[in-house]
Amino acid sequence: MGAAEAFDREVRLFVYRHFVDEGEPPTAAQVADRLEKSTEDVEAPFRRLEAAHVLVFAPGTLNIWMANPLCAFPTTFRVTTERGSWWGTCVWDAFGIPAMLDEDAAIATSCPDCSEPMEFRLEGGSLTVDDGVAHFAVPARRWWDNIGYT
Amino acid sequence: MLAFRSEEHVDRWCETRGIPHGASFSLQQAWELGRRWYGDKLSPDWRRATPDEAERVFTDIGLTGDFWRLRA
């Protein structure tokens with residue numbers, strides 16, 4: 001593994017662990033401080049991770065918007081486990097959070113059509129759900145054309 | 001990707017907003033997708049799936065057809 005690849009991995013792991021532990025992503029300054037680098041040093045790995053579709057930044061900033069399945073800003077998917085609560089970017093990601101954490105979870109959302117609250121429970125790796133259907137509007141090959149919309 | 005109460009709600013939502021109907025599938029399949037896609041995301045050795053690997057995940061859980069193809 002090259003030096004850049006190793007640095008990217010270090011940054012990625014810190015971002016995800018911080019996001020899980022704190023419920024929000026670290027700033028570039030926090031990543032730099034933790035890895036004993038300058039903020040400028042962190043920009044290159046941030047951009048490489050963005051290009052690799054690992055991190056998504058708020059437009060025109062180095063503020064992490066998504067480290068999928070985690071989302072920094074409120075969405076219609078709230079995931080709660082014994083460790084904490086996070087926003088999932090979409091229902092795929094909402095299910096991805098307990099999968100990533102290997103924990104039971106409650107996922108609260110609402111039907112986009114009628115606004116009726118919906119809740120799903122994951123226990124022991126099994127999904128308990130009475131009804132409902134998932135819908136993806138954007139075909140797979142166009143997901144990253146506009147990941148915010150997707 | 002959103003969760004709706006039923007296919008009827010998907011159809012009405014798409015029609016009201018002028019959004020073409022995409023792909024509908026069960027929440028169990030969505031959970032399986034989350035499990036397969038993100039289960040190892042905190043591993044130091046995680047790496048992004050290749051397009052072939054990603055399409056294999058979709059196929060394994062019954063998400064097939066042109067909608068789920070990553071390449072033209």
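This is a predicted model: local features need pLDDT of at least 70, side-chain atom pairs count only at pLDDT 80 or more; totals for chains, interfaces and linings use all residues.
Figure 1. How much of chain A is buried? Of its 150 residues, 35% are. If you take the contacts in chain A with a separation of 6 or more, 32% of them join residues 24 or more positions apart.

Figure 2. Does the length of H3(A) agree or disagree with what its residue count should give? H3(A) has 13 residues, and at 1.5 Å a residue these should span 18 Å; the end C-alpha atoms are 19 Å apart, so the two agree. Now look for the buried residues of H3(A): they include A:Val42, A:Pro45, A:Phe46 and A:Leu49. These four sit on the same side of H3(A), because they cover an arc of only 110° around the axis. Here's the general idea: an α-helix has 3.6 residues a turn, so residues three or four places apart point the same way. On the face of H3(A) turned away from the buried side, you'll find the exposed residues A:Glu40 and A:Ala51. And what covers the buried residues of H3(A)? Helix H1 (3–22) and H2 of chain A are among the elements that do. After H3(A) comes A:His53, with a positive phi near 60°.

**Figure 3. Two loop residues of chain A with positive phi.** First stop: A:Glu36, in the loop between helix H2 (28–34) and helix H3 (39–51) of chain A. A:Glu36 isn't a glycine, yet its phi is positive, at about 55°. Is A:Glu36 buried or exposed? It's exposed, because it has 7 other C-beta atoms within 10 Å, and 12 or fewer counts as exposed. Next, hop over to A:Asp102, in the loop between helix H4 (91–101) and strand E6 (105–110) of chain A. A:Asp102 is another residue other than glycine with a positive phi, near 55°. A:Asp102 counts as exposed too, because it has 11 C-beta neighbours inside 10 Å.

**Figure 4. A cis peptide bond in chain A.** Where's the bond to look for? Follow the backbone from A:Asn68 to A:Pro69: the peptide bond there is cis, with omega near 15°. A:Pro69 belongs to the loop between strand E2 (64–67) and strand E3 (70–71) of chain A.

**Figure 5. Where chain B touches chain A.** On the chain B side, 38 residues are in contact with 35 residues of chain A. Which elements of chain B give two or more residues to that side? They're strand E1 (2–4), helix H1 (7–17), strand E2 (23–26) and helix H2 (27–38) of chain B. H2(B) gives the largest share, ten residues. Sort the residues on the side of chain B that touches chain A by type and you get 21 nonpolar, nine polar and eight charged.

**Figure 6. A strand pair between the two chains.** Zoom in on strand E9 (residues 133–136) of chain A, which pairs with E2(B). The pairing is antiparallel and runs over four bridges. Which residue of E2(B) is the bridge partner of A:His135? It's B:Ser24.

Methods. Residues are numbered from 1 along each chain as its sequence is written. Chains are lettered from A and ligands numbered from 1 in the order in which they are written. Two residues are in contact if their C-beta atoms, placed from the backbone, lie within 7 Å. Ala, Val, Leu, Ile, Met, Phe, Trp, Tyr, Cys and Pro count as nonpolar, Asp, Glu, Lys and Arg as charged, and the others, Gly among them, as polar. Two strands pair if DSSP finds at least two bridges between them. A residue is buried if 20 or more other C-beta atoms lie within 10 Å of its own, exposed if 12 or fewer, and partly exposed in between; C-beta atoms are placed from the backbone. The expected span of a helix is 1.5 Å times one less than its number of residues. The arc is that of the directions from the helix axis to the C-beta atoms.
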